[in-house]
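Please examine the model shown below and follow the description of its strands, a helix and the contact between its chains.

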Amino acid sequence: MATAEEVKKLAALARISLPDGELEKFASEFDAILAYVGQLESLDIAQSSAKEKPPLRNVMRADGAPHEGGVYTEKLAAQFPARDGDALSVKQVIRHD
Amino acid sequence: MTKLNELTIAEAARALRAREFTVQALWDACAAAAAARNPELNAFLEIFDADDAAIAAAQKRIDTDGSAAPLLCGIPLAMKDNILIEGKIASAGSRMLENYRATYDATVVKKLKEAGALFLGRTNMDEFAMGSSTEHSAYGPTKNPHDTHRVPGGSSGGSAAAVAAHLAIAALGSDTGGSIRQPAAHTGLVGLKPTYGAVSRSGLIAMGSSLDQIGPLAKTVEDARLLYEAIAGRDPLDATTIPAGLYPARSIPEKFRIGVPRHLLEKGVDADLRAAFDASLERLKDAGHTLIDIELPMSAYALAAYYVLMPAEVSTNLARLDGIRYGHAVRGETLLDDYLLSRTSGFGKETLRRILLGTFVLSSGYIDAYYYKADAARRVLRREYEKAFGKADIVAFPTTPSPAFALGEKSDPLSMYLEDIFTATANLTGMPALSVPMGFVERAGKQLPIGMHFTAPNQAEDTLFVLGTAVEKARGA
């Protein structure tokens with residue numbers, strides 16, 4: 001069922017890179033797991049239940065200022081892998097060359 | 001006399017008010033036990049230094065307010081490593097967050113602090129709460145205090161081992177597919193997964209957001225109730241929390257109609273465990289409760305549905321861990337390299353497996369066959385339970401199919417997943433569920449605890465506490 005090539009594609013989508021040897025192992029474990037969850041395919045569930053409205057609805061709070069500006073800045077910035085003052089340093093994304 | 005660390009919350013609270021000992025003495029007893037046994041059990045990833053100000057404040061509150069002080073005041077608790085305590089590391093058992101310090105208190109932590117509770121330390125867990133043994137922790141497995149060659153269950157295995165070995169009076173865990181109830185069963189504790197939305201998840205590191213709930217692991221049903229009541233309630237910081245009375249109120253019967261889905265127990269359940277379950281049911285019958293056969297046919301597909309929906313949510317939730325803003329960060333040539341290197345080296349095997357599985361079931365060719373089908377099965381399951389609660393007050397089955405297994409025994413992923421076969425249904429339906437000790441089975445000369453599992457209708461936690469107490473009484477506990 002699952003091939004190393006497919007797992008590699010999934011890994012790329014999930015921003016993960018696996019060495020070739022591990023791709024094979026993941027693929028074979030996937031087969032066992034998919035064979036188990038695949039029993040869902042034999043289920044004949046009426047369309048009505050498939051399209052039912054979810055029992056919970058989203059609740060939004062009113063816009064507002066939950067706290068004073070800046071009170072968390074230092075705590076959050078302290079977690080940055082790299083910082084420039086209060087700014088988070090990242091690689092340049094757009095190149096000009 | 002019972003050692004102080006071996007007391008329950010209710011016993012310790014009473015004794016503190018009677019001035020039999022001080023908050024400091026209770027803390028010291030737990031901290032000493034934790035320091036002595038943690039090297040062997042690996043229940044705690046970190047044992048916190050005593051917070052002298054908090055201990056003094058708790059003592060003063062008890063001295064001043066007496067019986068008006070909250071029962072949790074001065075009680076040392078253990079917290080699962082995915083629940084944020086401001087200023088403390090919260091690693092979720094992962095290298096990815098090895099050095100991540102919480103920038104705020106989880107709502108449950110805020111509530112416990114307001115009640116005067118103390119925090120002994122953060123407990124080991126399967127990475128990002130994915131696992132049923134605590135073997136998937138990046139910091140080594142936790143051992144079961146009843147037999148250190150065996151697992152304590154998971155993912156809240158550290159919390160379970162800490163309470164079962166009397167290193168903490170009680171603990172909080174989180175439950176996505178059984179992660180509170182299954183370790184409670186394997187370590188002889190009471191574990192509660194509250195109704196979906198009953199307890200705020202603000203400050204809980206998310207795994208499967210339509211499934212996760214925080215709940216207590218405790219030595220008695222009474223303690224589980226005390227902790228639950230202290231942490232429950234609507235929270236503006238978690239839009240999924242529900243108001244009291246959202247679901248129809250149900251009166252608590254004097255004699256319960258206990259629904260038993262016997263068709264689910266015909267195969268795959270350990271014979272000794274099955275015999276103990278049947279004996280527990282007989283004791284309840286002798287106490288005047290009625291046993292009813294019920295059918296929950298979709299339960300046979302519940303675990304399959306769970307292992308589609310949960311990885312889908314995991315892959316989405318863990319996408320935020322990208323090595324850019326916080327957590328494990330490895331740098332490469334390009335921005336894409338930064339993501340790839342950070343995520344690949346930050347996550348453990350099981351986490352990677354579930355992210356890949358989730359990515360698969362959500363991908364365009366497969367979302368109909370897997371995700372939508374699983375979601376539909378979930379709705380049918382919920383309806384089956386609602387129907388069953390028309391004729392039964394509560395649904396009972398064993399918490400796990402077998403007693404605690406040996407470390408390393410379940411090395412293939414699927415056999416580990418099958419541990420959740422009974423517990424995952426309550427996460428899918430959202431309904432509250434409780435595991436209560438129902439005795440022991442003997443394996444290799446060791447007495448291993450096993451648990452009985454009750455599911456109640458939404459917001460009927462009280463029903464669980466009343467019947468759970470009846471089970472304790474019937475066992476003479």
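Strand β5 (residues 190-193) of chain B runs antiparallel to strand β10 (residues 433-443) of chain B, and three bridges join them. Strands are DSSP runs (E, at least two residues) and helices likewise (H or I, at least four), numbered from the N terminus; two strands pair if DSSP finds at least two bridges between them. Within β10(B), Ala433(B) stands opposite Lys193(B). This is a predicted model, in which local features need pLDDT of at least 70 and side-chain atom pairs count only at pLDDT 80 or more, while totals for chains, interfaces and linings use all residues. Residues are numbered from 1 along each chain as its sequence is written, and chains are lettered from A and ligands numbered from 1 in the order in which they are written.

An open sheet of eleven strands, with mixed pairing, has the order β1-β3-β2-β4-β6-β5-β10-β11-β9-β7-β8 (chain B). At its edges stand β1 (44-47) and β8 (290-293) of chain B, each with a single partner strand, so one side of each has no neighbour in the sheet.

Helix α9 (residues 299-317) of chain B has 19 residues. Of these 19 residues, 16 are buried, so α9(B) is largely enclosed by the rest of the structure; buried means that 20 or more other C-beta atoms, placed from the backbone, lie within 10 Å of a residue's own.

Between the chains, 42 residues of chain B are in contact with 36 residues of chain A, contact meaning C-beta atoms, placed from the backbone, within 7 Å. The largest share of chain B's side, nine residues, comes from α12(B).

Note on methods:
Expected span 1.5 Å × (residues − 1). Buried ≥ 20, exposed ≤ 12 C-beta atoms within 10 Å, placed from the backbone. Contact = placed C-beta atoms within 7 Å.
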